[in-house]
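Dear colleague,

Please find the structure below, handed over for your own work. My notes on what was found in it follow directly after.

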Amino acid sequence: MRLPWPLPAVLVWLLCWAVQMALRPVLAPLPAMLLAALPGVLLSLLAAHWWRRALVALGFPLSLALSGSTALPAWAWLLPVAMLVLVYPLHSWRDAPLFPTPIRALDGLAQRAPLPPGALVLDGGCGLGHGLRALRAQYPRARLCGVEWSPLLALLCRLRCRFARVRQGDLWAEDWRDYQMVYLFQRPETMARASAKARAEMLPGSWLVSLAFALPDMPASEKLDETPRRGHTVWIYRMPAEDAV
Ligand SMILES: C[S@@+](CC[C@H](N)C(=O)[O-])C[C@H]1O[C@@H](n2cnc3c(N)ncnc32)[C@H](O)[C@@H]1O
């Protein structure tokens, strides 16, 4: 169920305030403020746009500062911003937010895009690892890799997906030549860049799979239609010989 904006932000701020009220009698002002700001920073991962993420995460510390109810040194108000930078390194503000791949989204992929045992598969922007888990269900004998820009998400993903090799890094800096399949769940605006990179780097016969967003300039070789369980269309592209460099 999707709540209409700005209700999610208001609910998150109320949650932060509830944590602040509960902790304030037992903790010093600074740790109480930081722990109360934490749910806002983490829940901001679910917001769809950078400005919504900022509002969800910073609404509580701002309202606390304006209320004047806590005496903190001026520098202390920068700490929630520092937490935010840890979760979202600077350039990730313009990239895709965290939307996990639904658990059944890739059902049937292995039949449409078969891979040999030991094939290398990359989830570009692996978030918390939901895509890696869905890929593992399809390709139990593949070697799964994930690259994620946010250090915090990369760490959590590594803990959740011990079967995969997960690194913090930029999916655009990765060489896709090494992979027999690259899986993406990004943004419509990103797909032209993904198409150019796939054509330049991926070897003939390898697969680019995109959840929800089609490549703008290449016909899909296969697709898995959207169903209520799947949640999105799965777009499947096989790299042709003439596009390989
Ligand atoms: C829609 S989520 C998908 C997460 C995961 N692939 C899944 O399907 O469950 C997009 C993820 O890509 C990450 N991301 C966005 N731009 C990135 C980049 N340039 N390099 C690495 N990760 C990136 C975001 O931080 C976010 O976690």
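A term needed throughout comes first: a residue is called buried under 20% relative accessible area, exposed over 50%, and partly exposed in between, with a 1.4 Å probe and protein chains only. Lys 223, for example, counts as partly exposed because its relative accessibility is 36%.

Two remarks on the source are also required. This is a predicted model, in which local features need pLDDT of at least 70 and side-chain atom pairs count only at pLDDT 80 or more, while totals for chains, interfaces and linings use all residues. Residues are numbered from 1 along each chain as its sequence is written, and side-chain values use heavy atoms, with hydrogens and water left out.

Overall description

The protein chain has eight helices and seven strands; these are DSSP runs numbered from the N terminus, helices being H or I with at least four residues and strands E with at least two. Along the principal axes, the C-alpha atoms of the chain fill a box of roughly 65 × 30 × 30 Å. Of its 245 residues, 44% count as buried. Taking contact to mean heavy atoms within 4.5 Å, 64% of the contacts between residues at least 6 apart in sequence join residues at least 24 apart.

The sheet

The seven strands form an open, mixed sheet in the order S3-S2-S1-S4-S5-S7-S6, where two strands pair if DSSP finds at least two bridges between them. Its edges are strand S3 (165-168) and strand S6 (222-224), each of which pairs on one side only. On average, neighbouring strands of the sheet are turned by 15° against each other, direction ignored; axes here are lines fitted to C-alpha atoms, for helices over the stretch in contact, and angles run from 0 to 180 degrees between N-to-C directions. Strand S1 (residues 120-124) and strand S4 (residues 181-184) run parallel and are joined by four bridges. Within this pair, Asp 123 has Tyr 183 of S4 as its bridge partner.

Helix H6 (residues 130-138) lies across S1, strand S2 (143-148), S3 and S4, and runs at about 165° to S2. Its buried residues are Gly 131, Leu 132, Ala 134, Leu 135 and Gln 138. These residues lie on the same side of H6 because they cover an arc of only 165° around the axis, the arc being that of the directions from the helix axis to the C-beta atoms. The elements that cover them include helix H5 (109-112), helix H7 (151-160), S1, S2, S3 and S4.

A nonpolar core is defined as a set of buried Ala, Val, Leu, Ile, Met, Phe, Trp, Tyr and Cys residues joined through side-chain atoms within 4.5 Å. The largest one has 28 residues, of which Leu 109, Leu 135, Tyr 139 and Met 181 touch the most other members. At least two residues of this core come from each of H5, H6, S4, strand S5 (207-211) and strand S7 (234-238). Not counting residues up to four places away in sequence, Tyr 139 touches Leu 109, Ala 110, Ala 113, Leu 115 and Met 181.

Ile 236 belongs to strand S7 and counts as buried because its relative accessibility is 0%. Leaving aside neighbours within four places in sequence, its contacts include Leu 109, Ala 113, Trp 207, Val 209 and Leu 224. Leu 208 is 28 residues from Ile 236 along the chain, yet their C-alpha atoms are separated by 6.1 Å.

Salt bridges

Eight salt bridges are found in the whole structure, each defined as a side-chain nitrogen of Lys or Arg within 4 Å of a carboxyl oxygen of Asp or Glu.

- Lys 223 with Asp 225, at 2.6 Å; Asp 225 counts as partly exposed, at 44% relative accessibility.
- Arg 104 with Asp 107, at 2.7 Å; Arg 104 is partly exposed at 35%, and Asp 107 is partly exposed at 25%.
- Glu 189 with Arg 187, at 3.8 Å; Glu 189 is exposed at 57%, whereas Arg 187 is partly exposed at 26%.

With kind regards
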